[in-house]
Every structure is written in C-alpha cells, then in structure tokens.
Amino acid sequence: MKTAQALELGDRRLLICLGPGGVGKTTLSAALALNAAIGGRTVDVMTVDPAPRLLDALGLTAGDSTMQTVSLTGLGAPRGARLRALKLDPKATFDLLIERHAPSASAREAILANRIYRNLSGALAGVADYMAIEKLLELSSDTSTGLIVLDTPPAREALDFLDAPRRMLELLGSRAVTLLSAGRSVLRGGFSMIDLAARAVLTAFDRLTGLHLLGDVQAFVASFDGMYAGFADRAAQAQALIRDPRTLVVLVTTAEAERVDQAVEFIEALSKLGLMLGAVAVNRMMAPLPDEAAIADADLPAALKRKLKRNLDDFAALRQRESSALDRLRASIPAGTRLIAAPDLGHEPRRLADLAALARSLRVVDSDEGEKECC
Amino acid sequence: MTLPRLIFVTGKGGTGKSTVSAALATALARRRPTTLADLDGRHAAIRLVGAVAHDTGAAKKNGAKNSTESAAALDVITITPHGELETFIERIVPLRAVSRRMLQSRTFGYVTTALPGLEAFLVLERLRQLAGQAALKDRFVAIDAPATGHALELLAVAGGIRNLAPAGTLNRLSSAVEEFLIDRNRFGVIVTVTPEEFALREALEAAGELRDRLNIGCVGAVLNCVPPALFTAAEIAKLRRHEGHARLADRRHESAEFARHARQALERAGIAVAELPMLYAATLGAREVATLSRRLAIEMIIQ
C-alpha cells in the first residue's frame with residue numbers, strides 16, 4: 001500500500017461518487033463514508049439508487065427513506081464520530097420543495113394536484129437528479145455534519161446529474177414557459193413569429209395525440225410563477241456547492257472495456273461542465289497472481305498441479321484483459337488526477353466490517369510504474 | 001425455451017446484457033434472419049458482433065448489413081427516444097416543413113420533455129412494429145435493453161400513456177402496445193445474471209415484477225460467467241499451505257458453487273435458465289461472442 005489514505009479527504013465537506021451502473025458505486029460510497037466516520041468525522045451518506053443495496057450493507061432497514069444512524073460499535077471509531085445513511089425519495093423531496101416555495105396554500109394544492117406535476121415528479125428522468133441535489137443542499141446546511149458522501153443514480157451521462165439544477169432552471173425560466181402561460185396575450189405582441197408557429201404546432205400536437213395536455217402544462221407553468229425566484233436561488237446554491245473547492249468528485253468504474261468507455265465519456269462530460277475531477281476509483285481490481293514456480297515445487301498430486309496451472313493461466317488471461325482496460329483508462333485521465341484502486345472482495349460486502357476493510361484497502365495506482373508496484 | 005419474435009435482454013448493470021444480446025442475435029441469425037437492436041445508446045452489443053452502429057434513420061435506409069461470417073443474416077439498428085419522437089411527429093404531421101419546424105422548436109422540446117414517458121412510449125411502439133414485421137417475414141429481433149430498473153420503468157410506460165391520453169392517436173397506440181407486451185408470441189424478456197448475490201437478487205425481483213405487475217412473459221434467465229468447475233472441495237482442502245493458489249482455486253470454486261445456487265433459486269422461481277461459461281480470454285470480441293452464441297443455441301435449444 002502506498003499511502004495510509006488513498007483518498008485524502010483533508011477538509012473536504014462533500015464527496016460525490018459518479019459513474020456507470022453496475023460498478024459498485026453504492027458500495028464504494030458507503031465504504032468511503034464509513035472510513036471517514038471511523039476516522040472520527042461526522043458523516044452522512046445519501047444514495048439515490050432505487051435498490052436498497054447500500055442500506056443492506058449498512059445493516060439498515062430497506063424501504064425507509066428517513067435518515068438512519070449506523071452503529072459504529074466495534075469498529076474503533078473515536079467518540080463523537082457518526083455515520084448516518086439516507087435513501088433519497090425524489091417524489092417526497094419534490095413535494096417538500098413545492099410546499100416550501102409555494103406562495104400560498106391554494107397555489108400549493110394546485111401544483112400538487114396537477115396532472116403534469118404528478119407525472120413529472122414521479123416519472124421524468126432528471127427530476128431524481130435534481131431532487132438529489134436539493135436534498136444535498138438540505139443536508140449541507142446541517143452544521144453538525146462534517147462530510148457528506150453522495151452516491152448518484154447510475155447515469156448514462158455525468159451531465160445528467162451535475163447539470164440537473166441548470167436544466168431545471170432552464171425549463172422553468174424558458175421562453176417556452178412564458179409562451180405557454182401567456183395565453184391570449186400572445187397575440188398582442190412581444191413574441192416572434194417562431195414562437196407563434198411553435199404554439200400553433202403544439203396545439204396541433206396536443207389535438208392529434210389526444211393528450212390534451214397543453215392546458216395542464218400551462219397551468220403547471222403558471223403555478224410556478226411565484227416560485228421561480230426560490231428555485232433559481234436553490235439552483236444557484238447547488239451549482240456553487242458542486243463547484244466548491246471543498247467538494248471532491250470521484251468517478252467510480254471497473255477495469256472492464258465497456259465500463260472504461262463509459263468512464264472516459266464521463267471524464268469528457270465533466271471537463272465540458274468545467275468541473276474538476278478529484279479522483280478516479282477503479283473498483284473490483286484483481287489481486288496480484290500467485291507465483292507459477294510455486295506449483296512445480298509444491299508437494300501435490302500431478303493432476304492437481306495441472307489444474308492449478310490451468311487455473312493460473314485462466315486468471316492470467318482475465319488479468320491481461322483488466323490491465324489493457326486500465327491502460328486505456330489511465331491514458332484518458334487528465335494529468336494530476338489520482339487513480340485509486342479497490343480490490344475485488346470476491347463477494348458483496350455483507351457486514352459493516354467488510355465495508356471498512358474495503359475502504360482500508362483502497363490504494364493509489366501509480367501512473368508510471370503501473371499497479372505491479374503496489375501491494 | 002419458446003422464443004417470441006422479439007426478445008428484450010435486460011439485467012443488472014455489469015451482468016453482460018450486451019454480450020448476451022450479441023450472442024443471442026448471432027445464435028438466432030444462424031436459423032433465421034435476425035435484427036440486433038441497441039436500445040442502450042452505447043452500441044456495445046453492435047460493436048461486439050463486429051458491426052458498425054447506425055442511427056435509426058440510416059439503418060432504415062441502408063438495411064445496415066453486417067459482414068461477419070457467423071452472422072450472415074444479422075442486421076443491426078439503434079433505437080433512440082429522440083429518433084422515435086421524430087418519426088412519430090413526421091407520421092402525425094405529414095407536412096414535412098411543419099413537422100421539421102416542430103422538431104426544431106425549443107418550446108416543443110420542453111413540452112415533450114415534460115410529457116412524461118412520451119419518448120419511452122414511442123420506443124415501445126417501435127418495438128411493436130419491429131415484432132410485427134418480424135412475424136411477417138419469419139425473423140427474430142434481439143434487443144440490448146437498459147439495465148433492470150430503467151427497463152422495468154420503460155415497460156410500465158404504456159399503461160401510463162393510456163391514462164394520460166383519453167382519446168386520439170396515442171390512446172389507440174397504447175392499447176396496441178399493451179397487447180403487444182403481454183403477447184407471449186411477440187414479446188418476451190431475458191434477464192441476464194452473473195453468479196453474484198446482488199445480480200441474482202435483482203434478476204429474481206425483475207422476474208417477479210414482470211410476472212406479477214406487468215404480466216409480461218419472462219423467456220428465461222441467462223446465467224452468465226459461470227466458471228467451468230475445476231476443483232473438488234477435497235482438492236481445495238489440500239491447498240491450504242499454498243496460499244495464493246488456494247485463494248485463486250477457492251475463488252473459482254465459490255463462484256461455481258454460487259452459480260449452482262443461483263440456478264436453483266431461479267428455477268424454483270419458475271424461471272428457465274440457460275448457462276454461459278466464463279470465458280478466460282484476454283479480450284472479449286467477435287470471436288468470443290461467436291463461442292458464446294454456439295453455447296447459447298444449445299442451452300436455449302434454438303431451432
């Protein structure tokens with residue numbers, strides 16, 4: 001192991017784990033959170049993954065979307081350390097947001113009952129992302145929390161998550177919104193021919209599809225009228241939080257060709273957003289292979305020796321596959337970005353101690369010498 | 001396994017959806033002309049069969065024939081939500097100038113974004129059409145679908161749309177799409193699973209959702225990456241003093257054991273299981289997919 005802490009958190013207050021689905025992002029987020037808590041910090045970890053995996057590993061009740069405290073007993077955590085875990089419920093968070101920002105009780109009721117809102121808040125991709133960020137703001141205002149670890153939904157694109165506040169604002173503040181809510185006043189000017197044409201086609205679309213949604217969309221948008229400032233304010237805060245120097249963005253991947261492709265896309269997307277990538281964590285790295293010579297020297301039946309040799313060759317092939325994927329990843333990482341590796345446990349962490357062990361065994365993959373030098 | 005015209009391959013992230021759908025399409029293509037469709041937006045399955053991805057439009061025009069030996073009758077297409085929306089708008093607004101204007105309008109973009117599930121629904125409608133064409137021409141369609149969570153949301157969209165649109169084109173389409181999804185001859189799901197606890201759990205949950213909530217047929221599970229057994233428990237016991245090799249042997253043994261357990265659990269849940277071996281190869285490309293496809297043909301009795 002090169003360093004005691006492969007991921008140096010320093011005075012970071014927020015750790016965002018991003019990455020493609022199926023790479024163990026949730027597990028790694030939990031491990032990092034637990035490790036920080038064992039190190040004495042007060043930590044909240046939030047997952048937005050619909051499956052209750054994280055809570056499972058942490059020994060918490062699945063299906064409960066309130067903040068739950070994880071027992072650190074027996075893990076050697078100092079007094080005052082704390083770990084809490086939360087599973088995000090996007091719909092409930094959105095409802096809360098509406099309640100907070102709605103100018104009046106009747107406006108609130110109108111929104112909550114609106115057909116578009118009910119579907120939008122439950123089904124529209126992107127709302128979960130936005131709500132995760134909203135919840136994050138809420139957590140970050142709790143001064144008793146030293147570090148927040150955020151596990152993000154498995155996204156096709158990193159932009160989906162980090163860009164959510166901006167997109168939400170764009171939707172609510174767009175010309176479209178003004179246009180749709182303007183009703184008859186459109187005819188009195190202030191709108192271009194293109195807007196008028198757009199309105200005409202929308203009306204046609206509405207009629208042809210049978211959705212009859214235009215009225216609902218208008219009502220929805222109009223009901224947000226008095227809330228725009230509140231939303232804009234939250235979104236600006238979220239943007240600032242994500243870009244805060246005390247926020248660390250960690251991209252989680254595995255050393256498999258397809259995941260590496262996705263990781264490289266994430267890296268490009270982050271840089272387009274102007275976000276600093278703090279570290280890349282490669283999960284489920286194979287352990288170094290045992291020595292082939294040891295087989296010949298061993299006092300074992302010849303048939304078993306042949307099997308050992310075959311098994312070694314098999315795993316060597318997998319390791320070769322892994323190391324070419326890793327080489328490609330390394331070549332795509334911006335200079336100075338830390339590349340860390342988490343070992344393959346061979347099974348999912350079942351207990352808290354497994355998670356703690358996973359975090360302890362994180363190590364830095366040296367960019368020059370390759371991982372051969374490690375361990 | 002009785003195969004429907006269109007097979008929708010989903011599973012937990014990392015369980016080999018793309019590899020399995022590529023192998024499945026390759027296996028099917030040896031019997032009947034087959035279309036491999038990428039719904040994932042990443043073209044991974046298409047790359048694995050050694051073809052080049054085309055977008056929906058291009059594929060429609062060119063037929064996008066693939067050239068690998070194993071897949072003489074295999075063509076590939078990609079299906080994107082936005083592409084389907086374009087096709088739909090062009091269909092309901094036959095005047096090209098108008099439909100193009102709609103699609104270019106930012107306003108329209110916002111509204112369609114706000115219409116929950118519209119694009120997803122149109123993707124399902126496209127699958128229905130593909131299956132219909134496949135039935136007419138005695139073809140198969142294999143879909144490299146998104147991971148389980150997204151896939152189940154996608155499949156549940158048809159009912160939602162019918163509730164949203166009380167009349168009109170979409171309402172008519174939604175009934176047709178719902179009928180299609182529950183028709184065992186036209187549509188079925190294959191769930192990919194690896195010998196890992198969470199992958200198994202997710203596969204069982206997905207199969208349960210399909211059966212109980214959506215009434216959609218689950219063709220079976222493909223248990224992927226099963227290590228060919230090599231060591232007996234007695235042999236592993238002998239390795240105690242050879243730590244590194246013992247760990248490696250143990251690893252393989254445990255994985256093989258879990259695969260056995262997974263198979264039993266799936267079968268107990270009434271899910272047919274086809275097994276694919278772990279390929280200990282330094283690369284995973286067209287050749288490996290061809291190997292897997294032959295095995296899959298035997299396991300699934302593709303005739």
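I started with helix α7 of chain B in this predicted model, and I found that α7(B) lies across β1, β2 (34-38), β4 and β5 (187-193) of chain B, running at about 155° to β4(B).

Next I looked up the sheet to which these strands belong, and I noted an open sheet of 7 strands in chain B, with parallel pairing and the order β3-β2-β4-β1-β5-β6-β7. At its edges I found β3 (74-78) and β7 (273-277) of chain B, and because each has a single partner strand, one side of each is left without a neighbour in the sheet. I also wrote down that neighbouring strands here are turned by 25° against each other on average, with direction ignored.

I then followed one pair within the sheet: strand β1 (residues 6-11) and strand β4 (residues 140-144) of chain B pair in the parallel sense over 4 bridges, and B:Leu6 has B:Val141 in β4(B) as its bridge partner.

Turning to the nonpolar cores, I asked which residues of the largest one touch the most other members. Of its 85 residues, these are B:Leu6, B:Ile7, B:Leu24, B:Leu36, B:Val49, B:Ala142 and B:Ile143. Helix α7 (residues 118-137) of chain B, where I began, gives the most to this core, with 10 residues. Apart from this core I noted another, of 74 residues, which includes A:Leu15, A:Phe94, A:Leu162 and A:Leu248.

Last, I looked at B:Ile7 and left out residues up to four places away in sequence; I found that B:Ile7 touches B:Leu24, B:Ala142, B:Ile143, B:Gly188, B:Ile190 and B:Val219.

Definitions and conventions: Residues are numbered from 1 along each chain as its sequence is written. Chains are lettered from A and ligands numbered from 1 in the order in which they are written. This is a predicted model: local features need pLDDT of at least 70, side-chain atom pairs count only at pLDDT 80 or more; totals for chains, interfaces and linings use all residues. A nonpolar core is a set of buried Ala, Val, Leu, Ile, Met, Phe, Trp, Tyr and Cys residues joined through C-beta atoms within 7 Å. A residue is buried if 20 or more other C-beta atoms lie within 10 Å of its own, exposed if 12 or fewer, and partly exposed in between; C-beta atoms are placed from the backbone. Helices (H or I, at least four residues) and strands (E, at least two) are DSSP runs, numbered from the N terminus. Two residues are in contact if their C-beta atoms, placed from the backbone, lie within 7 Å. Two strands pair if DSSP finds at least two bridges between them. Axes are lines fitted to C-alpha atoms, for helices over the stretch in contact, and angles run from 0 to 180 degrees between N-to-C directions.
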